[in-house]
Structures are given as C-alpha cells and as structure tokens.
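Thanks for making time for this.

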Amino acid sequence: VSVFDPAGVELEVSAASEDPFSPGLTRARNLAGERGLDLKMHAGLAGEAVSPKLDTLIPASRGACHDIVVVRDSNVTLAPGQIAAMVGQLREDVGLVCAVPVVDDVVDLGGEVEAAFINGFHARVLRFGQGLGFGAGIGKVMVFRRSALDRAGGITAIASTIAEDHAAAKAFARAGLSVRLSDAPARQRL
C-alpha cells in the first residue's frame with residue numbers, strides 16, 4: 001500500500017513480476033484501481049540479467065518516464081512519507097538510498113530464523129558501516145536516479161550478478177556516488 005501513498009511525490013507506478021498471475025501484481029492492480037491511479041504492469045523476464053529480480057525490473061525501468069526510480073519488494077511496507085524522505089536524501093553526491101529491513105510479521109519457522117538474523121545484528125552492522133563511510137546496497141527498497149545509474153554504468157554494470165543491490169552500491173561508489181540508508185526501516189513480512 002505504501003507505494004500508492006507517496007505523500008506529495010509525483011510518480012508513476014509500475015508493477016513487475018516474472019509471473020503475470022502473481023498475487024503481487026493482482027494486489028497492485030486492485031490498489032491502483034481503488035485509488036484511481038494509472039498502473040503499468042510488466043510480466044516476464046528480459047533475458048538480460050543474472051538476477052531474476054533485476055531481469056524482471058528491466059522492462060519497467062525502460063518504460064518509466066521519470067528520472068527517480070523506487071524499487072520496492074512486494075513484501076515490504078513503508079511508513080507514510082517515507083518515499084518522499086528517501087527521495088529527499090538523493091543529492092548530487094548520493095547515488096542510491098536504501099531502507100534497512102526489519103521483520104514485523106512472520107508466517108513460519110524459516111521466517112522466524114531469518115527474522116532473528118535481520119532484527120538482531122543486521123541493521124546494527126549496516127548502520128555502523130554507514131557511520132564509517134561504507135555504503136551497503138539493500139534491495140528491499142532502493143531509490144535512485146536513472147541518470148545516476150547511467151553514470152555508474154547502467155543496467156549492464158549490475159546485470160552480471162545475482163546480488164544486484166550489492167552490485168549497484170559498488171557501481172555507484174565507482175562513479176564517485178555514495179550510498180545512504182534511510183532513517184526509517186522497511187517493514188517486511190516473511
């Protein structure tokens with residue numbers, strides 16, 4: 001729901017999935033209809049990236065009209081105004097803004113194990129690293145400018161790895177752009 005309540009940010013909404021019948025696309029379609037928003041739907045893989053997530057996002061990214069891109073996983077919820085705050089962190093020297101994930105809804109034992117890691121030291125280590133000047137790409141929620149990604153080598157700079165979020169952070173750093181963490185977390189369901 002959070003992507004449909006951007007608190008003053010002009011945006012277009014695209015939803016992408018490998019599966020045209022995914023529950024995430026269905027939910028996005030329903031929410032867009034409830035709010036009277038235009039929604040661009042993208043299903044399938046581009047066949048250009050090792051990461052299935054990135055390969056799914058390539059057509060949506062190419063079809064986008066705006067320079068600012070927000071990538072959010074379907075199991076993530078953001079606080080009202082969080083997208084606008086993350087966009088506000090984009091400056092000339094910042095290439096990527098990511099939200100640190102925290103788990104607040106667990107549905108099974110595997111989720112409990114993952115939540116113990118994520119809610120334990122994961123966020124602390126990421127924040128500590130940022131304090132030392134290290135940027136980490138975290139793919140749950142990423143905000144960047146397409147023009148900055150182009151400056152960092154474009155999609156091809158991150159297409160050869162499964163960890164597109166980490167590759168993006170490295171590509172932005174090589175281009176002299178920093179990676180920042182948002183103040184608010186990305187709440188996720190596992």
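By contact I mean heavy atoms within 4.5 Å. With that cut-off, and leaving out residues up to four places away in sequence, L96 touches L90, G137, M142, V143, F144, A168, A169, F172, S178, V179 and R180.

Two notes on the source. This is a predicted model, where local features need pLDDT of at least 70 and side-chain atom pairs count only at pLDDT 80 or more, while totals for chains, interfaces and linings use all residues. Residues are numbered from 1 along each chain as its sequence is written, and side-chain values use heavy atoms, with hydrogens and water left out.

Now the core. A nonpolar core here is a set of buried Ala, Val, Leu, Ile, Met, Phe, Trp, Tyr and Cys residues joined through side-chain atoms within 4.5 Å. Buried means under 20% relative accessible area, exposed means over 50%, and partly exposed is in between, with a 1.4 Å probe and protein chains only. The largest such core has 26 residues, and L96, F144 and F172 have the most contacts inside it. Two or more residues each come from α2 (52–62), β3 (68–72), β5 (94–98), β7, α5 (146–151), α6 (164–174) and β8 (178–181). Helices (H or I, at least four residues) and strands (E, at least two) are DSSP runs, numbered from the N terminus. Which element gives the most to this core? That is α6, with five residues. Another core, of twelve residues, lies apart from it, and its members include V76, L78, V94 and A186. As background, nonpolar side chains in soluble globular proteins tend to be buried together.

Next, the charges. A salt bridge is a side-chain nitrogen of Lys or Arg within 4 Å of a carboxyl oxygen of Asp or Glu. The structure holds seven of them.

Take E48 and R62, whose closest N and O atoms are 2.7 Å apart. E48 sits in the loop between β2 (39–43) and α2, and R62 in helix α2, 14 residues apart. E48 is partly exposed at 40% relative accessibility, and R62 is exposed at 53%.

A second pair is K53 and E164, at 3.8 Å from N to O. This one links helix α2 to helix α6, across 111 residues. K53 is partly exposed at 25%, whereas E164 is buried at 8%.

D73 is in the loop between β3 and β4 (76–77), K140 in the loop between α4 and β7, and they are 67 residues apart. Are these two buried or exposed? D73 is buried at 18%, and K140 is buried at 19%. Salt bridges that share partners join K53, D73, K140 and E164 into one network.

On to the strands. β1 and β2 run parallel, joined by five bridges; strands pair if DSSP finds at least two bridges between them. S17 has A43 as its bridge partner in β2.

Last, the surface. F134, in the loop between α4 (109–131) and β7 (141–145), is exposed, with a relative accessible area of 57%.
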